[in-house]
Amino acid sequence: MAAIILIRYGEIALKGKNRHQFEQQLQNNLQEAVKEYLGTVEKIQGRFLVQVPKENLDFTLTRLRKVFGVVSLSSVKETTLELEAIKAAALEMAGRVRAGENTFRIETRRSNKNFPYPSPELNGIIGSYLLEHFPDLIVNLDHPGFTLSIEISSEKAYLYLERIKGPGGLPAGISGKALLLLSGGIDSPVAGWLAMKRGLALESLHFHSFPFTSQRSQQKAIDLCRKLTEGAGNICLHMINLAEIQKEIKAKCPEDLGIILLRRMMLCLAEKLSAERALKALVTGESLGQVASQTLESIAVTEKATDMLILRPLLGMDKKEIIDRAVQIETYDISIRPYEDCCTLFLPRSPVTKPKLEAVVNQERKLDLHELTSKALKSLETVVVKRQVT
Ligand code: ATP
Ligand code: MG
């Protein structure tokens, strides 16, 4: 027998054509999320319904609660619109929870205005019916032990006891596709998650310095991407070796500009990759003032290396807020695994905090940028990171 999940979505500000696109993208993303569990998705008035084989219900709920655009979801019991059928379903559901809780309330939402009973009246009818059968139950509208909710849609009624919160936001993909610069740190996966929450689909780019950094740093990028797939489906992860570029910078340029020069090279490479993959913006985990390379002056000089739009979703967040979010989206434990970051390898003892563009560009003239970037792009490896099937 099939189990049914009712999905609520938000963004009340969306109107007209936008709303239709939002719904279409969300339906596609939901379908993608449930296909391995043999689920099907159907649109009803202002909601989605997912049907899955009963044995796959828990796996499916775990997946769907992470899908961007989902405000909340409930495992529901479906009945016809006949009052007797609704009563019978309510009785069965209340019977299941009654042992632990003796206070309750009924809450009805009626999107089908042809249904003969207005919401308060149906609350009363079903409430009284439950009280007849379970005389020890007490109605408590303010602090009920359990709430039995009823949704009356155009063709069916749906009853549920629990609402599971989703991430909200917009379905990934509706705002286009961008490239996330994904290090192994705490910040960039959070930036990626927030960007996807505003409707971006992502590909990721990780720079490593093999053999100066070990395979573990690449594995970390893969594991972080795997976490990010939970809200939005498969992610293409690109990996580029920066070792040669780092050696050149170290050999030819002053140490205190090393990080800025390296960051600018990263952006050049990201831009080239984006052009090939039709990606419209870059997403980074930069947060203003966090380290020397993230002062206003450093960010300004760094971003001049590209014409691309750079999104920095963490800009206004404190480190504590970023960490809390990383814990919530379960990237934190992966990010704090020990590893060697390519940037820390050649970290200058005292990087400049107020670099001048002219001085940086002068240093770049010592490097054969074309040759270095072409070589680095030859090291490009791409893997498709898939959602984990549990
Ligand atoms: P994170 O925790 O994301 O590493 P951070 O606070 O350590 O960020 P930086 O090391 O200054 O900050 O990096 C700033 C941003 O540059 C990162 O958030 C990421 O978007 C990008 N970046 C840094 N290193 C790499 C890398 N090895 N590969 C890809 N992107 C990187
Ligand atoms: Mg870092």
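In the predicted model, helices α5 and α6 run roughly parallel to each other, because their axes cross at roughly 15° and angles under 35 degrees are counted in that class. Helix α5 spans residues 187-197 and helix α6 spans residues 215-232, and the two axes come within 10 Å. The sense of the crossing between α5 and α6 is right-handed. On the side of α5 the contact is formed by P189, W193 and M196, whereas α6 contributes L224, L228 and A232.

The cysteines were examined next. A disulfide is a covalent bond between the sulfur atoms of two cysteines. With a pair of cysteine sulfur atoms required to lie within 2.5 Å, the count of disulfides in the model comes to zero. For C236, the nearest cysteine sulfur belongs to C225 and is 9.4 Å away, a distance at which C236 takes part in no disulfide because the sulfur atoms would have to be within 2.5 Å. C253 is likewise in no disulfide, the nearest cysteine sulfur, that of C268, being 14 Å away.

Solvent accessibility was also considered for these two cysteines. C236 has a relative accessible area of 18% and is therefore classed as buried, the limit for that class being under 20%. C253, with a relative accessible area of 8%, is buried as well.

Notes:
Residues are numbered from 1 along each chain as its sequence is written. Chains are lettered from A and ligands numbered from 1 in the order in which they are written. This is a predicted model: local features need pLDDT of at least 70, side-chain atom pairs count only at pLDDT 80 or more; totals for chains, interfaces and linings use all residues. Side-chain values use heavy atoms; hydrogens and water are left out. Buried means under 20% relative accessible area, exposed over 50%, partly exposed in between (1.4 Å probe, protein chains only). Axes are lines fitted to C-alpha atoms, for helices over the stretch in contact, and angles run from 0 to 180 degrees between N-to-C directions. Helices (H or I, at least four residues) and strands (E, at least two) are DSSP runs, numbered from the N terminus. Angles under 35 degrees count as roughly parallel, over 145 as roughly antiparallel, 65 to 115 as roughly perpendicular and the rest as oblique. A crossing is left-handed if the near helix is turned anticlockwise from the far one by less than a right angle, and right-handed if clockwise. Contact means heavy atoms within 4.5 Å.
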